[in-house]
Amino acid sequence: MAVKQEKQDERAAVNQKAEKLLKDYGNSILRMAYAYLHNMSDAEDILQETLIQYLQTAPVLENPAHEKAWLLKVAANPSKNRIDYNRIRQTDELEETLVAEKREDLRFVWEAVRALPEK
């Protein structure tokens, strides 16, 4: 029973810490991530990742005033990574009319495949 109570107390402490971090620094982290990404959904993901990393790492800081700097530095790194990821994943949207046109153009490929000799 005591172990269960300890786990509940730990969870409550983590929840309180997360709530405090979000209240104190959440807006700053979100704004900084948004400045990098120009996408609110991605910025919210970065905020969440940053808070999770802080809670998992539980860094020991020389001065409590360094807490915000640590969080912003940590948030900047995944923001930069997300920019690179989004650049790689950037694609043009394909319209239905183009898809239909391209299918007709590819008919010759299937004919060429069918004409190949069997092994």
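Student: Among contacts between residues at least 6 apart in sequence, what share joins residues at least 24 apart?
Tutor: In this chain, 65% of them do. Contact means heavy atoms within 4.5 Å.

Student: What sort of model is this?
Tutor: The model is predicted: local features need pLDDT of at least 70, side-chain atom pairs count only at pLDDT 80 or more, and totals for chains, interfaces and linings use all residues. Residues are numbered from 1 along each chain as its sequence is written, and side-chain values use heavy atoms, with hydrogens and water left out.

Student: How many helices and strands are there?
Tutor: Five helices and zero strands. Both are DSSP runs numbered from the N terminus: helices are H or I with at least four residues, strands are E with at least two.

Student: On to α1. Where is the kink centred?
Tutor: On Tyr25, with a kink of about 65°. The bend at a residue is the angle between axes fitted to the seven residues ending there and the seven starting there.

Student: How far apart are the end C-alpha atoms of α1?
Tutor: Only 46 Å, for 36 residues. A straight helix would reach 52 Å at 1.5 Å a residue. The expected span is 1.5 Å times one less than the number of residues.

Student: Which residues of α1 are buried?
Tutor: Leu21, Tyr25, Gly26, Ile29, Leu30, Met32, Ala33 and Leu37. Buried means under 20% relative accessible area, exposed over 50%, partly exposed in between (1.4 Å probe, protein chains only).

Student: What do they pack against?
Tutor: The buried residues of α1 pack against α2 and α3.

Student: Which residues have the most contacts inside the largest nonpolar core?
Tutor: Leu21, Ile29 and Leu71, in a core of 17 residues. Such a core is a set of buried Ala, Val, Leu, Ile, Met, Phe, Trp, Tyr and Cys residues joined through side-chain atoms within 4.5 Å. α1 gives the most to this core, with seven residues.

Student: What does Leu21 touch, leaving aside neighbours within four places in sequence?
Tutor: Leu21 is in contact with Gly26, Leu51, Tyr54, Leu55, Glu67 and Leu71.

Student: Now aromatics. How many pairs?
Tutor: One. Tyr54 and Trp70 sit edge-to-face, 5.3 Å centre to centre, with 80° between the planes. Rings of Phe, Tyr and Trp (its six-membered ring) pair if their centres lie within 6.5 Å; planes under 30 degrees apart count as stacked, over 60 as edge-to-face and the rest as tilted.

Student: What does the pair tie together?
Tutor: Tyr54 lies in α2 (residues 40–57) and Trp70 in α3 (residues 66–89), so the pair ties together parts that are 16 residues apart in sequence.
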